[in-house]
Amino acid sequence: MKDIKAKILSNEKTRYVYYKMVLDAPYIARSAKPGQFVEIKCSDSFEPLLRRPFSIHRVKGKGSRVKEIEILYEVVGKGTDVLSKKQKGESFDILGPLGNGFVLPRAHAPNLEPRAIIISGGIGAAPLVFLAEELTKKKIKTIVLIGAKTKKLILCEKDFKKFTSEVYVSTDDGTYGCKGFVSKLFHNILKTTESNFETVVYVCGPHGMLKCIAQICEERNFECQVSLEENMACGIGACLGCVVKTKTGNKLACKDGPVFDSKEIIW
Amino acid sequence: MTGLGVKIGKISLKNPVMAASGTFGYAKEFEKLVNLKHIGGIITKTITLNPRAGNPMPRICETAAGMLNAIGLQNEGFDNFIKEKLPYLSKIGTPVIVSISGNNIDEFFILAKRLDKIKSISGIELNISCPNIKCEGLVAHDAKETYEVVKAVRKITGKTIITKLSPNVTDIVKIAKAAENAGSDAVSLVNTFLGMAIDIETRKPKLGNITGGLSGPCIKPIALRMVYDVSRNIDIPVIGIGGIMSASDAVEFMIAGASTIQIGTANFIEPDVCGKIIKGIEEYLRKHKIENIEELIGSFNDKR
């Protein structure tokens, strides 16, 4: 983890309220793992005062030329609004990589191949594209389910398709893909795909969705890794602001997470 | 070479910049980002005799130029502190002051008695002013209770005692005097201001605890005024706390009468802010040809 000055290489609206920012941050790009995050000091003034946490969306470049990170974000408040107005060439302080990321699957049983199912809800797609890339690099069979309220909020479908042909979409209102929650799509996929795999589910999205997916995974005895989002100040485990209740006591989203084994969480 | 050294009770600090309780963990959290031994002093996250789970989420919320927190003194308790946190703190090479809190005088007494035996601990800060714990009136809201807690701790330890005061009182000078009379070596002020924030869409509080402590640059002018008032009325050192973000803020508190200062909320935003402020103070002293920082303390010019 380091606190570095990073220059903005680009900062553009991708669609609707979603923006993508590319930052020149070689140290972070080289040490980041999928699921980790950075804390960005959006402004030098006191508005906003605290840094804002963003998961690392992509790392760009190859080998020793890895030097850029991408942040995918939704404009929801003061911090992200300031961020969305930043211009190419400006720079700011960025602290990272922070937290513990996703754990890639290991096959336990000798005859079972690992299979990853990635489930993304809304802006929850942000850390999952990096994960899909790493999984497919390791030649792990990967299925991606993307859910959102409506068509225009579906994120990263093309990005995921670069890594796997098995990408499925659902919208709550049925304007695109299957109609209904992504948990319904998950049920359907499980019914229609082979089950002789050691399945690991990776999920990021709204709290209610995480809880629902975690429950399905528990019923099926799948390992399920959830990426949680909490208000946080420091990002390094000092302020104790981002507590997550777990079966083994209070844990911190910033330091112990943001990725947790869903069975650990008290939902 | 400019002299940055300051003394608080029996503690000699190499510079007046200290990390405030609750904003610096147990220092290890910052080891990769900060040269810890350069900091003047480190005040730990408050410990209590028994573990405390703290308050429900959400625990923090940003406000205009500030933040509210309602952590609720979450900590693993004394035994865990000694086993898990103290070994690291002892190796840093800068004075470590342990912040303690208790539900009653006995708990303060027991904690101080146990800490008194530990050589690597330089001092004790009495957190009698955390606004986020549920009890019948805070110690720091009452001069008599403040006196009694400090007196009890004074009896059991020769270590430097710093009493941390609450700004949520009618007359902070009166409480500071009570701490001084009971034998406190210094007072630190201010703890956070009790505040709240509401989500107008849901009409629910933005904090799980409803109310919380306000900190950050928005409280600085009030904290500064309190440091000014207290330092003119007591003879023990005052440690200034409240929204210090830069070296010029730190210098301002020292001119107002603070012997040292503590950095709180700024640690969350800029992990190495203490280092930056130490450098900035040195530059200020050089620029103003001040040889010894003690010349700065209380050098407020009241002629208009």
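The following questions and answers cover the domains, strands, barrel, cavity and pocket of a predicted model.

Visitor: What conventions apply to this model?
Guide: Residues are numbered from 1 along each chain as its sequence is written, and chains are lettered from A and ligands numbered from 1 in the order in which they are written. Side-chain values use heavy atoms, without hydrogens and water, and in this predicted model local features need pLDDT of at least 70, side-chain atom pairs count only at pLDDT 80 or more, and totals for chains, interfaces and linings use all residues.

Visitor: How far apart do the C-alpha centres of domain 1 and domain 2 of chain A lie?
Guide: Chain A is assigned domain 1 (2-98) and domain 2 (113-264), with bounds from an automatic or database domain assignment. Contact (heavy atoms within 4.5 Å) involves 23 residues of domain 1 of chain A and 26 residues of domain 2 of chain A. The distance between the C-alpha centres of these two domains is 22 Å.

Visitor: Which residue takes a positive phi in the hairpin of β1(A) and β2(A)?
Guide: Strands (E, at least two residues) and helices (H or I, at least four) are DSSP runs numbered from the N terminus, and two strands pair if DSSP finds at least two bridges between them. Strand β1 (residues 2-15) of chain A runs antiparallel to β2 (residues 18-24) of chain A, with 7 bridges, and I8(A) stands opposite L23(A). The hairpin has 2 residues between the strands, and the positive phi, near 50°, belongs to Y16(A).

Visitor: Which residue in β7(A) stands opposite K5(A)?
Guide: β1(A) is also joined to β7(A) by 6 bridges, and the two run antiparallel. In β7(A), the residue opposite K5(A) is D93(A).

Visitor: In what order do the 8 strands of the chain B barrel close?
Guide: The pairing in this barrel is parallel, and neighbouring strands are turned by 25° against each other on average, direction ignored. One pair is β15 (residues 238-241) of chain B and β16(B), joined by 3 bridges, where I239(B) has T260(B) as its bridge partner. The order is β3-β4-β7-β8-β9-β10-β15-β16.

Visitor: At what angle does helix α2 of chain B run to β7(B)?
Guide: Axes are lines fitted to C-alpha atoms, for helices over the stretch in contact, and angles between N-to-C directions run from 0 to 180 degrees. Helix α2 (residues 105-116) of chain B lies across β7 (96-100) and β8 of chain B, and its angle to β7(B) is about 160°.

Visitor: What volume does the largest cavity have?
Guide: On a 1 Å grid over the protein atoms alone, a cavity is a set of points where a 1.4 Å probe fits but cannot get out, a pocket is an open set with protein on both sides within 12 Å along at least five of seven lines, and lining residues have an atom within 4 Å of a point. The whole structure holds 1 cavity of 30 Å³ or more. Its 38 lining residues include S21(B), T23(B), N69(B), N191(B) and T192(B), the closest to the centre. Volume is the space filled by probe spheres set on grid points joined across faces, edges and corners, and for the largest cavity this is about 510 Å³.

Visitor: Which element gives the largest share of the lining of the second largest pocket?
Guide: This pocket holds about 770 Å³ of space, and among its 31 lining residues G237(A), L252(A), K255(A), E29(B) and K85(B) are the closest to its centre. Both domain 1 and domain 2 of chain A supply at least three residues each. The largest share, 4 residues, comes from α1(B).
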